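Dear colleague,

Please find the sequence and the structure below. An account of what was found follows directly after them.

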Amino acid sequence: MNLQKVIVYLGLLLDVIGIAVLIPAFPELKAYYGISDFQVSLWLTVYSLCAFFAAPVLWQLSDKLWRKNTLLWCIIWTTLSYGLLLLSANYRLFLLSRIINGITWGNISILQAILTDISPDQETKHKNFWLMGAFFGLWFIIWPLIWSLLLQFTGVEGIFWFGTIFALLEWGLIFLYFNNTNHPETSKSIGFNAFAIMRKYLRKDEMRSFLLSLFLLGIGGFVVFASLSLFMHTAFWTSGSVYGYILAVSWVISAFNMWYLVPKFRLYGHILCW
């Protein structure tokens, strides 16, 4: 695996950290900021909305400029977002941090564009995107273990420090070793309407049902994923670190299902239909 791909997959880890780093720590964040369940979960809505509107803009911006430059700016702001969390236990700073981090989470679209750039043919492109999905799942197994250990031994400040340091290391790696993969399209105009891009794909019959199914599945899974730590704390007085360990085990089971059981059921389903 070449260094360009390694940097992409590490960038993906930074995005996974951004969206999921604080979810197991919801009970600790409530105590740390002195806020309600609603307030501690509000950042997820704000974060997701910012990512939704930012992703297509950042993707187009990386087409117009160099991918490396756009990616570096995103990671600078990601580092700043974690730095804000270290300043004080102020809920307004916490929300501001999550807004900044949500916008920069849109750089996942840049990572996908980079994989397309470095894929010489369609088969390699499919393989690269499959690896991206595999690493995405792998990071979701690894990070709950890290955060649980950090929560258990350092508290929420340890998570803030980890996010800051990792973002700085990722910035340095990209700055020193990443090569641009595209030729800037300086005359290209940038569209800021995320709904217009979504509408373009929803008009395609073959995409509409798939996107709707993915949307409903995502809502169902993410609502449970995001709220379970608060429920477990209220019902069983468990800490965020316990929920992190449970998450890691559940993602291992999920990975086993997707990589081993689902292909077998698909095979048996074809045999039965035949």
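Aspartate 63 is buried, with a relative accessible area of 10%. Here buried means under 20% relative accessible area, exposed means over 50%, and partly exposed lies in between (1.4 Å probe, protein chains only). The side chain of aspartate 63 meets that of arginine 67 in a salt bridge, with 2.7 Å from N to O. A salt bridge is a side-chain nitrogen of Lys or Arg within 4 Å of a carboxyl oxygen of Asp or Glu. Arginine 67 is likewise buried, at a relative accessible area of 5%.

This is a predicted model, in which local features need pLDDT of at least 70 and side-chain atom pairs count only at pLDDT 80 or more, while totals for chains, interfaces and linings use all residues. Residues are numbered from 1 along each chain as its sequence is written, and side-chain values use heavy atoms, with hydrogens and water left out.

Arginine 67 also forms a salt bridge with aspartate 117, at 2.5 Å from N to O. This pair links distant parts of the chain, since arginine 67 belongs to helix H4 (residues 67–87) and aspartate 117 to helix H6 (residues 108–117), 50 residues apart. Helices (H or I, at least four residues) and strands (E, at least two) are DSSP runs, numbered from the N terminus. Aspartate 117 counts as partly exposed, at 28% relative accessibility. Through shared partners, salt bridges join Asp63, Arg67 and Asp117 into one network.

How many salt bridges are there by this rule? The count comes to 3. One of them joins the side chains of lysine 30 and aspartate 37, at 2.6 Å from N to O. Lysine 30 is partly exposed, with a relative accessible area of 22%, and aspartate 37 is partly exposed as well, with 32%.

The largest nonpolar core has 59 residues, of which Phe26, Leu29, Tyr33, Trp43 and Phe94 touch the most other members. Helix H7 (residues 122–154) gives the most to this core, with 9 residues. A nonpolar core is a set of buried Ala, Val, Leu, Ile, Met, Phe, Trp, Tyr and Cys residues joined through side-chain atoms within 4.5 Å.

Phe94 is also one of the buried residues of helix H5, among them Tyr91, Leu95 and Arg98. The 14 residues of H5 (residues 91–104) should span 20 Å at 1.5 Å a residue, and the end C-alpha atoms are 20 Å apart, which agrees. The expected span is 1.5 Å times one less than the number of residues in the helix.

On the surface, Leu49, Phe53, Phe195, Met198 and Leu202 form a nonpolar patch with about 430 Å² of accessible area together. Patches are made of residues with over 30% relative accessible area and no salt bridge, where like charges are joined within 9 Å and nonpolar side chains (Val, Leu, Ile, Met, Phe, Trp, Tyr) within 5 Å. Accessible areas come from the Shrake-Rupley method with a 1.4 Å probe, and for residues only the protein chains shown count as cover. Helices H3 (37–64) and H9 (194–202) each supply at least two residues of the patch, and the largest share, 3 residues, comes from H9. Leucine 202 lies in H9 and is partly exposed, at 33% relative accessible area.

Yours sincerely
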